[in-house]
Amino acid sequence: MPREDVKKLLRTKFMPHIWCPGCGHGIIMHAILRALADLKIPQDQICISSGIGCSSRMPGYIDACTLHTAHGRSLAFATGVKMANPGLTIVNVMGDGDGTAIGGNHFIHACRRNIGITAVVMNNNIYGMTGGQASPTTPEGAFASTAPYGAVDPTFDICKLAEGAGATFVARATVAQPAMCEQILKKAILHQKKGFAVVEIVSFCHTQFGRKNKRSRPMDNFNFLKDNSVMKAKADTMTAEELKGKIIIGEFVNIEDAREYTERYDEVIARAQKA
Amino acid sequence: MAKKFDIDIFSKWCKGCGLCIAICPKKVLELSEQVKSVPVRPDDCIGCHQCDNVCPDMAITVKERD
Ligand SMILES: Cc1ncc(C[n+]2csc(CCOP(=O)(O)OP(=O)(O)O)c2C)c(N)n1
Ligand code: SF4
Ligand code: SF4
Ligand code: SF4
Ligand SMILES: [Mg+2]
């Protein structure tokens, strides 16, 4: 059992969870719970929302206000919740498929709006739940059930996508750095007062991705992520050639004086009432 | 005297993935025949919490020994 303040945030009657032994998604849930516990946010002031996928099973295990919605649409639901109750702390979790394939449109527009939501993309480079189809983050050449001879399409860089679309906090870590995940998540949750915060956490699915790509055990994937992570400060000194296949971790965007959407919307309401 | 720690592993939640065992810098943990992680050398634990933080199933707590 985890420490008391973390355990309090768990619906223990549903544990052990459904994820495969060693699944990276469990490491992310654990880091989110430690971040929320450290920030001492009351349970009824936390909303965890998700779409569909292995990753999106998370809200079922968290003892807070929770929302398990439609594939790719979690941010639309989360936006509605935030508009109705701007005081809530919303952590919206989604998979790489959920957030950047079917849900790509919702994702970029939530970034553009800068609405106060913390969006966590649990990127395992695959559609885990449905049998290992290639996602927009499956590396070129990697095998997937829909790419038996290697994926052809170039990948999305989720952090660059979020930055380009206007998110005001953007950071990345991998599950091989659980303490760093916790620290980044805390900052991203506090950033909600300023707007939309995106945290990409590179996870792994040894069951659907690893087995096809010579990383069938959880530890093979953990070591792969650890060995290929490069801190942003170091990456800034490296060439594109040296960075090939590496995962850059750290904070990419943090606009402190950004203005959050529900606040700007209140101003519109005030203007309309005067008119 | 160096601090001592107790590692508590809730076996009902442990799925025997082995991540905690591989990550421990002091080789405190081992996999049992029942495929559960067990602290076999608790006196060597340095209380770094890496096993706890990495556990996807939230089965571990590390506490300072009174
Ligand atoms: C509208 C719709 N289309 C397709 C599906 C099938 N589906 C369920 S989960 C999923 C992809 C999951 O991948 P990802 O979001 O990366 O999550 P993971 O399981 O890898 O954590 C798909 C295509 C669905 N549930 N609804
Ligand atoms: S299929 Fe993959 S993503 Fe889904 S629980 Fe198993 S390891 Fe995790
Ligand atoms: S990391 Fe957790 S689930 Fe995996 S073997 Fe250790 S205690 Fe068990
Ligand atoms: S706290 Fe550190 S030293 Fe102690 S068992 Fe866990 S990983 Fe090993
Ligand atoms: Mg996925």
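These legends describe close-up views of a predicted model. Residues are numbered from 1 along each chain as its sequence is written, while chains are lettered from A and ligands numbered from 1 in the order in which they are written. In this predicted model, local features need pLDDT of at least 70, side-chain atom pairs count only at pLDDT 80 or more, and totals for chains, interfaces and linings use all residues; side-chain values use heavy atoms, with hydrogens and water left out.

**View 1. The interface between chain B and chain A.**
In this view, 18 residues of chain B are in contact with 23 residues of chain A (contact: heavy atoms within 4.5 Å). The two chains bury about 1,800 Å² between them, 71% of it on carbon and sulfur atoms. Buried area is the accessible area (1.4 Å probe) that two parts lose on being put together, summed over both. Within chain B, B:Trp13, B:Lys15 and B:Met58 lose the most area to chain A, together 38% of what that side buries. Helix H1 (19-23), helix H2 (50-54) and strand E4 (60-64) of chain B each supply at least two residues of the side that touches chain A. Helices (H or I, at least four residues) and strands (E, at least two) are DSSP runs, numbered from the N terminus.

**View 2. Polar and charged features of that interface.**
Nine residue pairs are in polar contact between chain B and chain A, both residues at pLDDT 80 or more. A polar contact is a pair of N or O atoms within 3.5 Å; within protein, one must be able to donate a hydrogen and the other to accept it, and residues adjacent in sequence count only if both atoms are side-chain atoms. The side of chain B that touches chain A has twelve nonpolar, two polar and four charged residues. Ala, Val, Leu, Ile, Met, Phe, Trp, Tyr, Cys and Pro count as nonpolar, Asp, Glu, Lys and Arg as charged, and the others, Gly among them, as polar.

A residue is near the ligand if one of its heavy atoms lies within 4 Å of it.

**View 3. The shell around ligand 2.**
Ligand 2 is surrounded by residues of chain A, among them A:Cys20, A:Cys23, A:Cys54 and A:Cys205. A:His25 and A:His206 also belong to this shell. By class, five residues are nonpolar, four are polar and none is charged.

**View 4. A:Asn92 in strand E3.**
A:Asn92 sits in strand E3 (residues 89-95) of chain A. A:Asn92 is buried, with a relative accessible area of 0%. Buried means under 20% relative accessible area, exposed over 50%, partly exposed in between (1.4 Å probe, protein chains only). The side chain of A:Asn92 makes a polar contact of 2.8 Å with the side chain of A:Ser49, and another of 3.2 Å with that of A:Ser74.

A cis peptide bond joins A:Met15 and A:Pro16, with omega about -5°. A:Pro16 is found in the loop between helix H1 (4-7) and helix H2 (24-39) of chain A. A:Asn114 has a positive phi of about 60° although it is not a glycine, and at 5% relative accessibility A:Asn114 is buried. B:Val35 also has a positive phi, near 60°, but is partly exposed at 43%.
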